[in-house]
Amino acid sequence: MSHPSTLPTVRLGADGPLVGTQGLGCMGMSEFYGPTDTTEALATLDAALEAGVTLFDTADVYGSGANEELIGPFVRANRDKVVLATKFAIERRDDDVHYRGIRNDPAYIRTAVDASLRRLGIDVIDLYYMHRRDPAVPLAESVGAMAELVQAGKVRALGLSEVTGAELREAYAVHPIAALQSEWSLFSRDVEISAVGAAAELGVTFVPYSPLGRGFLTGAFTDAGELAADDYRRFQPRFTGDSAAANAALIAPVQKIAAARGVSTAQVALAWVHQRADVHGLTVVPIPGTRKRTRLAENTAAATLRLTEAELAALEPIASEVAGARYTDMSSTGAARE
């Protein structure tokens with residue numbers, strides 16, 4: 001399917017940059033989702049920009065810095081067009097591939113931003129997110145340190161990820177927050193408990209990650225056992241065993257709408273996320289991840305697909321029936337603190 005040459009644009013936060021209304025998640029280009037064709041991945045970056053995608057999302061934890069290094073040349077070559085988002089807070093160790101620590105202390109933040117700038121080869125990060133929240137560190141300390149990066153000219157706008165509505169309000173009182181990035185899809189709607197309402201109230205843009213349920217909503221796989229041995233979806237409760245079988249059946253209404261419309265299930269699932277903007281009265285910029293130009297064209301076309309009230313009603317019950325948690329360990333998500 002062809003894609004429009006230019007996506008509609010929206011503003012990030014109250015006074016942030018204008019971005020295409022769909023961004024691109026770059027994580028899978030370096031890690032987590034099995035083997036990658038780097039040449040095709042890099043071609044997908046160029047195709048995204050041509051299609052009107054301007055928000056490109058990475059993090060220091062993706063490939064332990066490798067993802068920032070991979071997309072750095074593309075960002076530098078298109079610096080005046082690209083809005084680059086990266087993140088700090090998830091710490092890894094060379095001697096333990098499974099280790100994930102959460103660091104929100106100011107000293108760590110100052111070190112992390114310099115490392116990201118160096119890997120990306122740029123002077124300023126457009127949108128800098130706290131990737132996960134460590135409740136042991138007061139938000140005022142962390143956001144205060146992030147605000148200092150804005151004052152120092154290293155960062156243009158601030159973002160948070162996987163926080164509650166109360167945490168978003170607390171952070172915003174320290175410094176304006178442009179974007180909140182958390183999982184939001186037909187399968188994952190816990191952000192609607194408090195985070196979405198707070199974002200709408202404050203004028204914070206919501207950036208849904210995994211809007212396609214990590215590919216499950218597209219029908220690309222029905223059980224994680226089908227995936228590559230190093231694919232981390234094999235360890236996510238929703239995609240294995242009895243939960244996978246139960247959840248695969250939930251996609252039926254998505255498939256029915258897609259067939260009737262002559263579009264893909266991915267496009268229906270993405271269109272649903274885009275229409276949360278109207279439902280909740282806030283700006284929504286999903287960041288589906290892909291490494292292929294064909295998928296990119298498919299995804300961007302969904303930004304202008306409008307579902308009817310009857311179609312939305314048919315999709316409404318899905319999330320409440322999903323079996324299994326988003327992660328094996330949910331302790332670092334906003335849902336754990338609701």
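**Sheet, helix packing and a pocket in a predicted model**

Strand β10 (residues 179–183) is joined to β11 by five bridges, and the two strands run parallel. Here strands (E, at least two residues) and helices (H or I, at least four residues) are DSSP runs numbered from the N terminus, and two strands pair if DSSP finds at least two bridges between them. Within this pair, Ser-182 stands opposite Pro-208 in β11. The structure is a predicted model, in which local features need pLDDT of at least 70 and side-chain atom pairs count only at pLDDT 80 or more, whereas totals for chains, interfaces and linings use all residues. Residues are numbered from 1 along each chain as its sequence is written, and side-chain values use heavy atoms, with hydrogens and water left out.

The pair belongs to an open sheet of seven strands, in the order β3-β4-β5-β8-β9-β10-β11, with parallel pairing. Because β3 (24–25) and β11 (205–209) stand at the edges with a single partner strand each, one side of each is left without a neighbour in the sheet. Helix α4 (residues 139–151) packs on the sheet and touches β5 (83–88), β8 (125–130) and β9 (155–161); contact means heavy atoms within 4.5 Å. The direction of α4 makes about 155° with that of β9, where axes are lines fitted to C-alpha atoms, for helices over the stretch in contact, and angles run from 0 to 180 degrees between N-to-C directions.

Strands β6 (residues 90–93) and β7 (residues 96–102) run antiparallel and are joined by three bridges. They form a hairpin with two residues between them, and Glu-91 stands opposite Gly-101 in β7.

Helices α2 (residues 66–77) and α3 (residues 106–120) pack at an angle of about 60°, their axes being 7 Å apart. The contact involves Glu-68, Glu-69, Ile-71, Gly-72 and Arg-76 of α2, together with Ser-116, Arg-119 and Leu-120 of α3. These residues divide into two nonpolar, two polar and four charged (Ala, Val, Leu, Ile, Met, Phe, Trp, Tyr, Cys and Pro count as nonpolar, Asp, Glu, Lys and Arg as charged, and the others, Gly among them, as polar).

Helix α3 also gives the most to the lining of the second largest pocket, with five residues. A pocket is an open set of points on a 1 Å grid over the protein atoms alone, with protein on both sides within 12 Å along at least five of seven lines, for a 1.4 Å probe; lining residues have an atom within 4 Å of a point. The lining comprises 14 residues, of which Asp-60, Ser-64, Ile-90, Arg-92 and Tyr-108 lie nearest the centre of the pocket. By class, five are nonpolar, three polar and six charged.
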